[in-house]
Each structure stands twice: as structure tokens, then as C-alpha cells.
Amino acid sequence: MPHAIEMRDLTIAFGDFVAVDRVGFHVEEGEIFGFLGPNGSGKTTLIKALCGLIRPRSGSATLLGLDVARHVDEVREQVGYMSQRFSLYEDLTAEENLDFYAGIYGLTRDEREERKSELVRMTHLGPYLHRRAGLLSGGWKQRLALGCALIHGPSLLFLDEPTAGIDPVARRDLWDLLFQLSSHGVTLFVTTHYMDEAERCSRVGYIFLSHLLAVGTPDELKRLPEVTPAGRRRIELRGPSPGKVLRRMLEQPWVAEATLHSESVQAVVEEARDAASVQAEVRGWGFAEAEVRDSAPSLEDVFVTLTRRRMAELEDGRNGKPAAAAAGGRP
Amino acid sequence: MIVHTPRQHRKTSFAGRAWAVLVKEVIHVRRDRGALFFTMFIPAVQLVMLGYAVDTNVRHVATVVFDQCRTQESRALIRRFETTTDFDVLREVHSEAEIEEAVVAGEARVGLVIPEDYSRRLLRGESTQFRLLVDGSESNVASQATQVGASIALRESLARLGNAEVLPVEVRPRVLFNPDLKSPRFFIPGLVAILIQAMTVSLTALAVVRELEKGTLEQLYMTPVRGLDLVVGKIIPYAGLAFFEMMFIVFLMVFLFGVPIHGSLLTLLLIAVPYITCLLALGLWISTRAKTQLAAMQMTFGTIIPSIFLSGYVFPRNTMPLVFQWLSCCVPATWMVSAARGVILRGAGWDSLWINALALSLIAAVLIVISVGRFRRTVG
């Protein structure tokens with residue numbers, strides 16, 4: 001069984017600007033692959049290259065076992081794509097939008113009607129089929145866009161920031177739909193900014209300034225040695241006035257890093273200090289109700305750490321120093 | 001519950017994809033009633049306005065008179081000017097400076113100056129002169145006034161010599177195809193070609209740029225749709241629209257302005273097919289270069305001036321420098337203006353018009369090939 005997506009040493013450049021630098025990873029069939037990275041880091045560019053819209057400078061990409069460079073038309077017929085802005089024809093009704101894409105993908109009349117009823121059952125678009133797409137709310141537009149991208153029954157679907165700018169309920173509903181699709185064997189490649197969405201993916205890739213910094217399951221990424229370096233320990237502190245506690249902690253030499261997370265303080269400390277001793281010390285500062293325990297890093301911690309590390313490397317590279325492992329340290 | 005069935009690989013066909021695009025475009029056109037009305041309405045309004053307003057025949061040129069002689073003879077000369085429809089004698093002035101003032105002020109375009117010795121020399125049998133000061137800022141007014149002035153002098157001379165109002169030799173021009181020299185007959189047949197140009201080019205130019213602005217083009221590029229599918233699917237519905245518009249303009253020409261079609265209407269319509277295809281393909285090419293609808297409109301208008309001035313619609317092509325004559329061969333309007341004039345005014349048929357049809361078809365083919373090619377290259 002070939003991988004749904006396979007990339008080797010993929011480099012995409014526009015003139016002197018390298019948008020994607022020697023990226024290689026694969027996505028397994030039926031997986032929900034989350035692709036993360038700040039704006040402008042090369043996410044959309046990579047998707048366009050995978051669909052054969054941009055010719056890479058070097059390297060290769062295979063989709064569903066087909067080499068994109070040689071079989072671009074076959075690839076397009078078998079994958080679906082939902083763009084950042086829900087690209088619908090606003091003066092056409094929801095149904096006319098679906099019919100148009102059905103025509104583009106060469107569905108027969110029977111296939112089209114069958115697919116439409118399947119998609120209507122899945123997305124609950126039924127009451128809105130005869131409404132102009134431009135009059136639908138954000139969440140419904142997005143369901144319609146998803147329906148259009150799925151009309152031809154693709155086994156691989158690209159979603160470029162599908163949840164940008166829609167309300168939390170619609171966001172949750174969309175993810176429920178994505179899980180349904182995944183359970184029917186559809187491979188999903190999703191870009192997102194939301195950490196909670198990243199946590200729901202089966203695997204995650206993180207791209208920063210054209211470089212792929214990490215790939216793996218969310219748990220694998222959290223266990224990366226760079227994220228919690230040797231000799232350090234992650235702790236979590238709960239209690240009243242976390243802001244004041246944070247300020248005090250940042251003054252301590254044994255605290256490598258500390259940040260505020262709503263009601264708690266997340267910190268990286270020397271491994272010699274276990275949770276109990278930290279708790280005793282903090283209580284000694286007058287925060288009698290503080291409770292400290294060991295904690296695992298969140299995905300956000302992972303990405304923040306990897307990003308800082310990468311920036312430090314780049315900084316050292318510019319200053320002529322060898323790339324040092326400045327992992328997890330205070331900036 | 002079956003929510004999604006991934007399918008086996010399905011081959012799509014050119015006909016299927018182009019048809020899907022075509023159906024969608026037809027819905028766009030039907031939904032946008034306002035735009036539809038204006039694209040149909042504006043060329044018709046322009047035709048009516050131009051048809052009534054433009055008269056290239058010069059009449060009633062405002063004239064002032066500086067009569068230094070003030071005799072029976074000089075008054076007879078002034079009367080000759082007064083009795084033509086070409087000149088309107090407004091008033092008398094009392095110096096040449098005053099004539100100039102009147103011309104600069106735009107009050108008069110012609111000043112008639114009769115010298116003091118006009119009658120004296122005339123009666124002595126010597127050659128005498130009067131002067132005509134002509135405003136040169138409008139060339140056809142100037143040339144008409146000079147011409148009519150000269151013929152008045154000629155008549156006056158002959159009358160004095162022979163004492164008769166009968167001219168010994170007279171030219172009787174007969175203007176073929178337009179005996180009454182009505183200017184609508186001259187310019188409306190060519191105008192048919194010019195008027196549908198702006199509207200037709202903008203139809204396809206906007207049809208693609210709108211998709212670019214809305215982001216639907218980006219989505220389309222991710223589907224099996226190819227350049228040719230888009231070009232064909234977008235050209236056919238708008239060709240129908242442009243064709244309808246052209247028939248409407250021809251209808252107005254015949255029934256509102258009474259310009260008869262001497263040749264065959266079918267010939268005219270058949271030659272319009274490659275012409276309209278040229279214009280739509282030009283619009284598609286513009287749409288692959290423009291990033292916004294505004295830019296597309298500006299580029300559309302940029303195509304209009306060359307088609308008015310290089311096509312031979314305003315100035316005859318054979319008086320242009322050779323380079324421009326060649327250049328004008330690449331302008332679709334050149335071939336359509338001459339074909340429209342040929343069919344409508346001269347009753348020309350395929351034996352002389354095949355070259356127009358061939359040229360238009362070639363230009364259309366080249367433009368389509370270029371825009372199909374550009375559709376894939378715009379990506380990235």
C-alpha cells in the first residue's frame with residue numbers, strides 16, 4: 001500500500017526566495033495530518049506544489065502512488081481541495097455550486113444525484129440547497145465548500161485553514177465531519193493555527209521559515225528531547241495570584257522558563273528540583289495555597305520551543321558561531 | 001450510515017468540463033440582470049446619440065463681414081454669402097482686428113474682408129480681390145469654408161464676365177451608395193463594429209478577473225479543468241450575448257436611421273462570428289494579465305482607441321504611413337469595419353469579403369491559442 005502523500009527533498013523557490021527548503025515526509029492513508037506553521041512559512045505553497053500547481057525546483061512528490069510531476073491530471077481528478085477562503089460562486093445557489101463541481105469532475109447524472117444526497121446527509125445542507133451561496137453564514141459556506149471539494153469522492157482531501165474565521169460551534173462541527181471522513185478511509189491534510197486542532201490530528205508537521213522542524217504524533221512531539229532537555233523538568237503550578245508567583249519565579253536562578261496559562265504557571269526548572277520542593281519554596285514566599293505537580297508540555301510548548309531553538313540557530317549562523325543547542329533556554 | 005464513498009479514479013472529458021463551465025456562466029449572466037441590461041443598453045444608447053448628433057456635413061458657418069468698400073457690388077457679394085446655407089452672416093465689423101477678436105472668442109469662424117478698391121477695380125475691368133479669414137482650428141470647417149468661398153468667387157466672376165447666371169462647365173458629382181451625402185450612412189455601418197467592441201471585450205475580461213478576485217479561480221486550478229475548457233466554456237455564452245447585441249444595433253440602424261442593407265444580412269452576421277470570437281478571446285487575454293476588475297476595464301478601454309483610429313473607421317487606412325497600415329491589419333475592427341461597410345453600403349458578397357473572414361479567423365485563432373497558454377502560466 002503506497003502512502004497517501006510522499007515527499008522527498010522537496011524544494012520550492014521563486015527566484016532567490018526559497019519558500020520550502022528540502023522538505024520530506026509522508027502521510028499515511030486514512031490519517032488526519034495537521035500541518036502547522038506561522039503565516040508565510042510555506043504551508044499553502046506546499047499544498048499547491050503537491051497538487052501540481054507549482055513546479056518544485058527539486059525533489060519529488062507522490063500522491064496516491066502517482067508522481068505529481070508526470071500525472072498531474074490524474075492527481076487532480078482524485079484529490080479534493082478546499083481553499084482558505086471558501087471559494088464559492090456566491091450568485092449561484094448551494095445546489096448549483098455542487099452541480100458545477102460535479103460537472104467539472106465528470107460525474108454522470110445518477111452519480112451526481114447520489115453524491116449530492118450523501119453529502120446533504122453528511123453536512124445537513126438540505127434546507128439551504130436552493131439558497132444563494134453568498135447569503136449563507138460562514139459555517140454553512142464552509143460546509144458547502146467542503147461538499148464541493150468532496151463531490152467527486154476523493155480519497156485525499158487538502159484543507160487549507162478550514163476553520164479560519166468561523167465560530168467555535170461550526171469549528172467543532174467541522175472537526176466531527178473530518179473524523180467521519182477519516183473513519184471512511186479518506187486521508188486529510190489540514191493546515192491550521194489552532195493548537196487544539198493540532199492535538200486532534202493523528203500526526204502533525206511543523207514548518208517554520210521554509211524548514212520542516214518536526215513531524216510526528218502529538219505525543220511523540222511532546223517527548224522530543226529538545227522540548228524538555230536533559231537535566232530539566234516541566235512543572236505546573238496552580239493557586240491564587242499566578243501572575244505574582246510568575247514574577248517571583250522568573251527571578252530564581254533554577255527556573256529556566258516560565259509562562260502564564262490562564263489559571264496556572266507552566267515552568268521548566270532544574271531536574272534536581274522536584275514538584276514537592278518547588279511547592280514548599282513557593283509556599284514559603286507567602287503563596288500558601290500554591291500546588292505544584294509534574295506536567296507534560298503542550299503542543300504549544302513544543303512549537304514555541306522548536307521555534308526559539310531554530311531562531312537561535314539562525315542567529316548563531318549569522319554571527320559565524322557553530323549552531324549550538326540552545327534548547328529550552330530562556331531567550 | 002454511509003457518509004462518504006471514496007471512488008475509483010474517473011476520467012474526465014473536455015466536453016464535460018467545458019459544458020460545466022458554460023452552464024455556470026449562463027447562470028451568472030442570468031442572475032446579474034443589472035449588468036446584462038447595461039451591456040445591452042449602453043451600445044444602443046451610444047448608437048442613437050451618435051447617429052443623431054454627428055453630422056460631418058458643415059453648414060451654417062458663423063461669419064462676420066468687414067466691408068471697406070460699401071458699394072452696390074460689395075453688397076451683392078455679401079448677399080451671395082448670405083444666400084448659401086453654408087454661411088450665416090452674423091454682423092458687420094469695422095476692422096480686421098475685430099474679426100480676429102470674433103474668431104478668438106468663438107463667435108465667428110470666418111471673416112469676409114472686402115477691400116476699399118473692390119468696386120473701383122471691378123468697374124475698371126481689373127482683377128479684384130476679397131479676402132476670407134478662416135479659423136483653422138477645425139479642419140473640415142476650414143476646408144469647407146475655403147471651398148465654398150472659392151466657388152462663390154468663381155460664380156461672381158462668371159456673372160460679371162458673361163452677365164449670365166449660367167455656368168459654362170459644371171461638375172455634377174454623384175456619390176455612389178450614399179447619394180444624399182447623409183453622414184449617418186457613412187459612419188453607422190462602421191459604428192456597428194466599433195460599438196460592440198467595448199462591450200464584448202469587457203464581458204470575458206471581467207468574467208475571469210471576477211473569479212480571480214473571489215478566489216474561485218484558485219479553486220478551479222486545483223480541479224481537472226484545463227485552459228481550453230475555461231476558454232471555450234466562457235466564450236460561447238458571451239458570444240451569444242454579443243451576437244444578440246449586434247443584431248439589435250443593426251436593427252436600430254435599419255429602422256431608426258433608415259440605413260438599408262444593400263447586401264445580405266446573413267453574410268454580415270457570418271463575418272461577425274470570427275470578429276466576436278476575436279473580441280472575446282482578447283477579453284480573455286486581458287483577464288489573464290489584469291489582477292483586478294478595474295485594471296481589466298482600463299485595459300479594455302485601451303483597445304478601443306486603436307480600433308477607432310487604426311481601423312479606417314475615422315481616417316482612411318491608405319493615407320496612413322506604411323507601418324501603421326500593416327499594424328492596422330492586426331486590429332480586428334479593421335476587417336469588420338470594412339466588411340460592414342461593404343455589405344451594408346455596397347452590397348458586397350463573399351467574392352470580395354472572404355479575405356475579411358479569413359483575416360478575422362486567423363486573428364481569433366492566434367488570440368485563443370495565446371490565452372489558453374496564459375491560463376496555465378498565470379499559476380504560481
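Reader: What makes Phe301(B) count as exposed?

Author: The model is a predicted one. In it, Phe301(B) has 12 C-beta neighbours inside 10 Å. A residue is called exposed if 12 or fewer other C-beta atoms lie within that distance, so Phe301(B) counts as exposed.

Reader: Where does Phe301(B) lie in chain B, and how far is Phe301(B) from Arg31(B)?

Author: Phe301(B) belongs to helix 11 of chain B, which covers residues 293-302. From Arg31(B), Phe301(B) is separated by 270 residues in sequence and by 25 Å in space, C-alpha to C-alpha.

Reader: Why are helix 10 of chain B and helix 14 of chain B called roughly antiparallel?

Author: The axes of helix 10 (residues 265-289) and helix 14 (residues 332-346) of chain B cross at roughly 170 degrees. Angles over 145 degrees count as roughly antiparallel, and therefore the term applies to helix 10 and helix 14 of chain B. Their axes come within 10 Å, and the crossing is left-handed.

Reader: Which residues make the contact, and how do they divide into nonpolar, polar and charged?

Author: Helix 10 of chain B contributes Thr267(B), Leu268(B), Ile271(B), Tyr275(B), Cys278(B) and Leu279(B). Helix 14 of chain B contributes Pro332(B), Met336(B), Ala339(B), Ala340(B) and Val343(B). The residues of this contact comprise 10 nonpolar, one polar and no charged.

Reader: How is chain B divided into domains, and how far apart are the domain centres?

Author: The domain assignment gives domain 1 of chain B as 18-53 + 181-377 and domain 2 as 61-162. Their C-alpha centres lie 49 Å apart.

Reader: What does the secondary structure of chain B come to, and what share of its residues counts as buried?

Author: Chain B has 15 helices and four strands. Of its 380 residues, 38% count as buried; the term requires 20 or more other C-beta atoms within 10 Å.

Reader: How many residues of chain A and chain B are in contact, and which element of chain A gives the largest share?

Author: On chain A, 34 residues are in contact with 33 residues of chain B. Helices 2 (72-78), 3 (94-104), 4 (109-123) and 6 (168-183) of chain A each give two or more residues to this side. The largest share, five residues, comes from helix 2 of chain A. The side of chain A that touches chain B divides into 14 nonpolar, 11 polar and nine charged residues.

How values were computed: Residues are numbered from 1 along each chain as its sequence is written. Chains are lettered from A and ligands numbered from 1 in the order in which they are written. This is a predicted model: local features need pLDDT of at least 70, side-chain atom pairs count only at pLDDT 80 or more; totals for chains, interfaces and linings use all residues. Domain bounds come from an automatic or database domain assignment. Axes are lines fitted to C-alpha atoms, for helices over the stretch in contact, and angles run from 0 to 180 degrees between N-to-C directions. Angles under 35 degrees count as roughly parallel, over 145 as roughly antiparallel, 65 to 115 as roughly perpendicular and the rest as oblique. A crossing is left-handed if the near helix is turned anticlockwise from the far one by less than a right angle, and right-handed if clockwise. Two residues are in contact if their C-beta atoms, placed from the backbone, lie within 7 Å. Ala, Val, Leu, Ile, Met, Phe, Trp, Tyr, Cys and Pro count as nonpolar, Asp, Glu, Lys and Arg as charged, and the others, Gly among them, as polar.
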